[in-house]
Amino acid sequence: MIWSEPLYDNPDLLINHLNLSSVEQLITYAESKMTPTLIGTVLGYRYPSLEPLFDGGKLVRIDSLSPSISYQRYLRGDFPMFVIAKIEASIIDTAQTQHSALIDHNYLYCALSPALKSEMIVRILGAINTIKTSGKLEAFISKYQVLDTTKTIGQ
């Protein structure tokens with residue numbers, strides 16, 4: 001495959017009731033606990049920044065089939081925190097959450113077939129770059145974002 005430059009970032013966020021606003025704070029919190037901390041995750045998703053905590057038994061994944069199910073379980077009190085992608089977080093009702101922390105960046109790219117002629121690849125990559133640098137892609141994506149999740153939720 002031939003990959004474009006990153007189009008945009010859809011980072012994973014840690015939504016929590018524990019006043020955690022960074023991965024470092026999460027690590028300190030999890031390592032200070034005598035028992036593992038439960039965290040809502042999505043089945044099949046990987047969270048590179050959290051893998052050492054999973055491997056070390058400090059965090060225990062509680063997988064759901066979707067981020068919205070994980071959020072509902074969080075609201076029910078099944079676990080004190082969960083992970084969700086920023087765009088998905090922007091469309092759920094997060095009024096009952098308190099804090100968020102950026103966990104991992106997830107850059108999205110376009111994949112092009114290597115079977116395409118090189119001139120077509122150059123034209124497509126050029127068009128992608130034009131759309132990206134013009135701000136049109138960001139404007140399009142922002143139409144689907146209801147909440148600014150770059151700030152601590154609840155402030």
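Predicted model: local features only at pLDDT ≥ 70, side-chain atom pairs only at ≥ 80, totals over all residues.
Q: Which residues have the most contacts inside the largest nonpolar core?
A: In soluble globular proteins, nonpolar side chains tend to be buried together. Here the largest nonpolar core holds 16 residues, and L14, L26, I39, L50 and L59 have the most contacts inside it.

Q: Which elements give two or more residues to this core?
A: Two or more residues each come from the helices α1 (23–32) and α2 (51–55) and from the strands β4 (37–42), β6 (81–85) and β7 (99–104). The most comes from α1, with three residues.

Q: What does I39 touch, leaving out residues up to four places away in sequence?
A: Contact is taken as heavy atoms within 4.5 Å. On that basis I39 touches L14, L50, F54, L59, V60, R61, I62, F79, M81, F82 and V83.

Q: What other core lies apart from the largest one?
A: A core of ten residues lies apart from it, with I15, I62, Y74 and F79 among its members.

Q: Where is the largest pocket, and which residues lie nearest its centre?
A: Ten residues line the largest pocket, and L7, Y8, D9, E138 and I141 are the ones nearest its centre. The volume of this pocket is about 180 Å³.

Q: Which elements give two or more residues to the lining of the largest pocket?
A: These are β2 (8–9) and α6 (136–142). The most comes from α6, with four residues.

Q: How many residues of that lining are nonpolar, polar and charged?
A: The lining of the largest pocket has four nonpolar, two polar and four charged residues.

Notes
Residues numbered from 1 in each chain as written. Heavy atoms only, no water. Core = buried A, V, L, I, M, F, W, Y, C linked by side-chain atoms within 4.5 Å. Buried < 20%, exposed > 50% of the residue type's maximum accessible area, 1.4 Å probe, protein only. 1 Å grid on protein atoms, 1.4 Å probe; cavity = no way out; pocket = protein on both sides within 12 Å on 5 of 7 lines; lining within 4 Å. Points joined across faces, edges and corners; volume = space filled by probe spheres on them. Nonpolar A, V, L, I, M, F, W, Y, C, P; charged D, E, K, R; others polar.
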